[in-house]
Amino acid sequence: MNNSCRDCGQSGECRLPPGMLEQYDLGTPTADGLMIWLEVSRHAGVFLESSSLEILSKAREIYDGRIFGVVFGDIELKPLYAEAFSYGVDTLYHVKDRRLIDFHPEAYCESMKEIAERINPSIILMGATPRGRETAPRLAASLGAGLTADCTELSIEGTVLRMTRPAFGGSLMAEIVSNSVPQMATVRPGTFPLKKASGNTAGTVIYRQYGGNSFKTIIGSEKRYSDEKDITEAKILVSLGSGIRNREAICIAESVAKKLGGMVSCSRTLVDKGWFPQIKQVGQSGRNVSPEIYLAFGISGSIQHKAGIMTARKIIAINKDPDAPIKDIADEMIIGDAESILKELDRIL
Amino acid sequence: MDTLPWKHGGKMRFVVFVKQVPDTSAVCTDINGNLIREGVPSILNPYCESALNMACGVKKDGDVITAVSMGPPQAENALFRCLELGADEAFLLTDRAFAGADVHATVRTLSAFVKKFIPDYDLIFCGKQAADGDTAQVPAELAYMLGCGQFCYTQKLTLSGEWKAVQNYGSEVRECIIGKGDLLSVSDEEIGFRLPSAADYIRAAGIEIKKLNIADIGLDTFSVGLKGSKTKIVSATPSKVSRRGAVTDGSDPAKAAEHIRDAII
């Protein structure tokens with residue numbers, strides 16, 4: 001086996017003596033603190049992503065140790081410090097580099113690895129956003145940590161983080177623990193409610209520089225933002241499907257959504273028809289949403305669509321077909337014409 | 001990571017990692033809450049099929065596409081499908097010791113395989129995620145273990161002087177230059193599906209799927225499978241269906257609308 005490690009097949013020397021299992025090298029007594037990557041949204045200004053704030057809200061509830069935040073970007077992030085501290089961050093690491101304004105997963109991971117090695121956190125969390133789900137595994141591999149993806153529930157017992165996530169298209173809920181430290185998880189956006197920020201806006205900021213050179217060559221980038229927020233953030237979704245035949249129904253749905261303080265979304269059919277942009281699409285090939293109330297007007301409910309709304313608190317389906325598959329997961333199934341009921345709902349609200 | 005312009009020349013080696021997944025609509029559990037995989041129809045993970053299609057799309061004469069899967073012996077059905085769809089050779093990493101692997105143990109096995117058997121590969125293709133796990137973690141962890149760059153959510157791969165990947169992050173679509181040895185994680189958009197022809201079936205039938213066990217790959221039993229895993233499933237319970245499923249007649253829109261209003265507020 002000349003020079004390569006017996007355990008992992010990597011060349012060179014491994015950290016552990018031969019025969020020693022990595023399980024035994026827990027390092028649990030020394031690891032402490034919770035580290036969160038605070039994702040920055042750069043759409044019409046600079047904001048902390050709500051997925052990150054939701055994790056902070058949950059972290060404050062279940063964890064009483066130190067909370068470390070990490071942000072990437074340049075000087076434009078300064079106004080965000082106060083918000084981060086008010087949501088419970090004790091120490092904020094700001095990796096300050098103009099080049100890191102763009103998303104470079106390799107560079108982000110190298111930086112976070114250095115920070116994690118310095119603070120030795122017991123838990124590392126980030127949002128299960130597209131970028132979070134790309135960054136977390138690379139970081140986990142570099143730290144030799146276990147990682148649970150897309151959690152919908154977190155709890156802490158002693159030093160053990162218990163992570164719950166849906167599996168098999170949502171038909172099973174799996175509870176998972178990590179047998180190494182740091183314990184890592186990504187959290188599905190929209191699962192945890194945002195807690196009100198505290199008045200505390202002071203904390204420690206530590207600047208760091210990124211010394212590596214793992215940058216991608218980005219030759220073109222097109223932002224596809226709408227002026228509205230993301231459908232994953234809506235508390236109430238008025239969702240339209242193939243049962244909607246008239247395009248005017250979209251305006252009525254917008255009006256209903258506005259009166260309820262929600263947003264309009266749709267199924268894949270209407271995206272294919274060109275009535276909605278893809279960012280409005282609910283389902284596995286669109287967005288997984290978890291609103292308080294999901295109103296499905298004329299949505300039959302494909303498997304992909306059902307998986308995307310599985311974590312919604314309440315699902316009300318309006319469909320003229322009593323056997324539409326969406327009935328399996330609907331709290332309320334109303335058999336009738338989706339368009340006229342939508343119109344009527346707009347009138348009485 | 002090598003991001004220098006990298007010319008397409010000579011014979012290329014593409015590796016496509018695929019997974020066989022149970023048809024997620026037909027999964028059940030036994031009394032202990034364990035998954036019953038036996039008897040459930042298995043399919044090639046659709047995202048992996050997209051990855052293979054992308055590799056086939058850029059393949060030129062002389063290039064070799066290697067399909068690799070880790071799983072029980074019957075996972076060779078997924079590899080047969082890959083051969084039919086255009087792969088040139090196939091490896092199945094199969095051993096009792098591999099069972100129960102989490103992402104970490106899986107990636108360790110896959111990266112050890114690549115380092116030992118195909119160290120001179122040019123590009124790796126993975127599906128964005130598996131239909132049964134939905135974790136989408138293997139590609140990025142594998143990229144780190146192999147020390148290469150990662151390009152997730154790739155929906156298009158083009159060659160015009162340089163290799164370029166179009167990545168779709170939902171709110172942003174960007175194009176990056178990829179280098180030799182990088183890894184692409186493929187989402188299914190914008191990739192046309194191709195049906196195998198009779199000639200493909202005949203060609204596939206003549207290719208043997210190479211099976212490798214733990215000793216072939218050169219790993220230790222403690223670093224793979226359940227024993228090499230960093231995470232442990234404590235319990236798996238069928239998700240609580242607390243949905244009431246109340247059915248209401250909505251032939252009168254006004255009444256139905258009132259009913260909805262009452263249900264919301």
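**Chain B, contacts and cover**

I started with contacts in chain B, counting heavy atoms within 4.5 Å as a contact. Among contacts between residues at least 6 apart in sequence, 74% join residues at least 24 apart. This is a predicted model, so I kept local features to pLDDT of at least 70 and side-chain atom pairs to pLDDT 80 or more, while totals for chains, interfaces and linings use all residues. For bookkeeping, residues are numbered from 1 along each chain as its sequence is written, chains are lettered from A and ligands numbered from 1 in the order in which they are written, and side-chain values use heavy atoms, with hydrogens and water left out.

Next I looked up burial, where buried means under 20% relative accessible area, exposed over 50% and partly exposed in between (1.4 Å probe, protein chains only). Chain B has 265 residues, and 55% of them count as buried. I also noted that chain B exposes about 11300 Å² (Shrake-Rupley, 1.4 Å probe; for residues, only the protein chains shown count as cover). Carbon and sulfur atoms supply 54% of that area.

**The sheet**

I took helices (H or I, at least four residues) and strands (E, at least two) as DSSP runs, numbered from the N terminus. That gives chain B seven helices and 15 strands. Strands pair here if DSSP finds at least two bridges between them. I then followed an open sheet of 10 strands with mixed pairing, in the order β13(A)-β11(B)-β10(B)-β9(B)-β12(B)-β8(B)-β1(B)-β6(B)-β7(B)-β13(B). At the edges stand β13 (217–223) of chain A and β13 (209–212) of chain B, each with a single partner strand, so one side of each has no neighbour in the sheet.

Where does chain A join? I found β13(A) pairing with β11 (residues 172–177) of chain B in the antiparallel sense, over six bridges. One detail I wrote down is that A:E222 has B:V173 as its bridge partner in β11(B).

Helix α4 (residues 138–145) of chain B lies across β1 (13–18), β8 (123–127), β9 (150–160) and β12 (182–186) of chain B, and runs at about 180 degrees to β12(B).

**Between the chains**

The contact takes 81 residues from chain B and 90 residues from chain A. The two chains bury about 7100 Å² between them (accessible area, 1.4 Å probe, lost on being put together and summed over both). Of this, 53% is on carbon and sulfur atoms.

I counted a salt bridge when a side-chain nitrogen of Lys or Arg is within 4 Å of a carboxyl oxygen of Asp or Glu. How many link chain B and chain A? The count is one, and I found B:E172 meeting A:R131 in a salt bridge at 2.6 Å, N to O.

**Salt bridges elsewhere**

Over all chains the count comes to 24 salt bridges.

- A:R42 and A:E76 form one, with the closest N and O atoms 2.6 Å apart. A:R42 is in the loop between β2 (40–41) and β3 (47–48) of chain A and A:E76 in the loop between β4 (67–73) and α2 (81–86), so the pair ties together parts 34 residues apart in sequence. A:R42 is partly exposed at 23% relative accessibility, and A:E76 is partly exposed at 24%.
- B:E89 and B:R13 form another, the closest N and O atoms being 2.5 Å apart. I placed B:E89 in β7 (residues 89–93) and B:R13 in β1 of chain B, 76 residues apart. Both B:E89 and B:R13 are buried.

Definitions and conventions. Axes are lines fitted to C-alpha atoms, for helices over the stretch in contact, and angles run from 0 to 180 degrees between N-to-C directions.
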